[in-house]
Amino acid sequence: DKLLQPKIWLKSGGYIVINQTEALVSIDINTGKFVGRGNSLEETITRTNIEAVKEIVKQIRLRDLGGIIVIDFIDMDERRNRKRVMEALDQEIARDKAPNKILEFNEFGLVAITRKRVKQSLERTLCQPCHYCNGSGLVKSVATTCYTLYREMEKMKNFGDGRGEVMIRVHPDVARALRESHSVVLNEIRHLLKKEVMVKSDPSLHF
């Protein structure tokens with residue numbers, strides 16, 4: 001499971017975040033808890049970047065990341081420090097058996113690596129796109145779900161004989177909102193259907 005986590009902590013207290021998309025892989029570096037030991041901020045940043053290089057290349061190999069890999073290093077003011085980081089990256093990536101090429105720092109402090117992937121990445125092998133968010137990493141908010149429910153009820157208002165009651169099964173958070181903060185939506189649904197509407201919580205359902 002650790003190989004599927006986007007956030008990886010470094011021994012110093014800094015961390016890297018790996019985000020894989022269809023177009024490319026982005027890797028961000030952050031100092032996190034690492035504040036250095038009496039050193040300047042520039043030196044702390046440089047040491048974090050160099051430490052991150054080793055972990056990044058390790059993760060690239062373990063996850064078999066390929067295509068375009070963009071690394072967003074923490075900004076360094078001095079050219080000599082950027083050179084130190086690039087030398088560390090060159091040294092680590094040289095151990096990788098997959099064909100690769102490193103592009104130097106650009107004006108935004110980004111470094112790009114192109115790497116040939118022999119097989120599907122670990123994430124693509126072990127996982128499949130989420131059928132709730134279609135791979136976007138986002139789902140509708142509780143409020144949006146409540147109003148979406150009302151629109152769906154509008155489509156059904158002419159079904160049935162007008163008698164009895166309606167049972168709505170929703171995620172517990174949505175059920176709570178319909179009874180409390182968004183009770184006006186539930187009242188509107190009752191008025192729309194001209195029926196009693198019961199709300200049932202179902203933890204197995206998503207938003």
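**Asp202 and onwards**

Mentor: Let's begin with Asp202, which is buried, its relative accessible area being 11%. Keep in mind that this is a predicted model.

Trainee: Okay, and where is Asp202 placed?
Mentor: Asp202 lies in the segment that follows β8 (196–201).

Trainee: What is Asp202 in contact with, leaving aside neighbours within four places in sequence?
Mentor: Arg169, Val170, His171 and Pro172.

Trainee: Switching to helices. At what angle do α5 and α6 pack?
Mentor: About 80°, with the axes of α5 (residues 172–179) and α6 (residues 183–193) 5 Å apart. Angles from 65 to 115 degrees count as roughly perpendicular, so α5 is roughly perpendicular to α6.

Trainee: Which residues meet there?
Mentor: From α5 you have Ala177, Leu178 and Arg179, and they meet Ser183, Val185 and Leu186 of α6. By class, the α5 contact with α6 has four nonpolar residues, one polar and one charged.

Trainee: New topic: how many aromatic pairs turn up in the whole structure?
Mentor: Two. One of them is Phe73 with Phe105, a tilted pair with 5.6 Å from centre to centre and 50° between the planes.

Trainee: Where do those two Phe residues sit in the chain?
Mentor: Phe73 is in the loop between β4 (67–72) and α2 (79–93), while Phe105 is in the loop between β5 (100–103) and β6 (110–115). They are 32 residues apart, and the pair links distant parts of the chain.

Trainee: Is Phe73 buried or exposed? And what about Phe105, buried or exposed?
Mentor: Phe73 counts as buried at 2% relative accessibility. Phe105 has a relative accessible area of 18%, and since buried means under 20%, Phe105 is buried as well.

Trainee: Last one: what sits over the ring of Tyr15?
Mentor: The charged end of Lys7, 4.3 Å from the ring centre.

Key. Residues are numbered from 1 along each chain as its sequence is written. This is a predicted model: local features need pLDDT of at least 70, side-chain atom pairs count only at pLDDT 80 or more; totals for chains, interfaces and linings use all residues. Side-chain values use heavy atoms; hydrogens and water are left out. Axes are lines fitted to C-alpha atoms, for helices over the stretch in contact, and angles run from 0 to 180 degrees between N-to-C directions. Helices (H or I, at least four residues) and strands (E, at least two) are DSSP runs, numbered from the N terminus. Angles under 35 degrees count as roughly parallel, over 145 as roughly antiparallel, 65 to 115 as roughly perpendicular and the rest as oblique. Contact means heavy atoms within 4.5 Å. Ala, Val, Leu, Ile, Met, Phe, Trp, Tyr, Cys and Pro count as nonpolar, Asp, Glu, Lys and Arg as charged, and the others, Gly among them, as polar. Rings of Phe, Tyr and Trp (its six-membered ring) pair if their centres lie within 6.5 Å; planes under 30 degrees apart count as stacked, over 60 as edge-to-face and the rest as tilted. Buried means under 20% relative accessible area, exposed over 50%, partly exposed in between (1.4 Å probe, protein chains only). A charge sits over a ring if NZ of Lys or CZ of Arg is within 6 Å of the ring centre and within 35 degrees of the ring normal.
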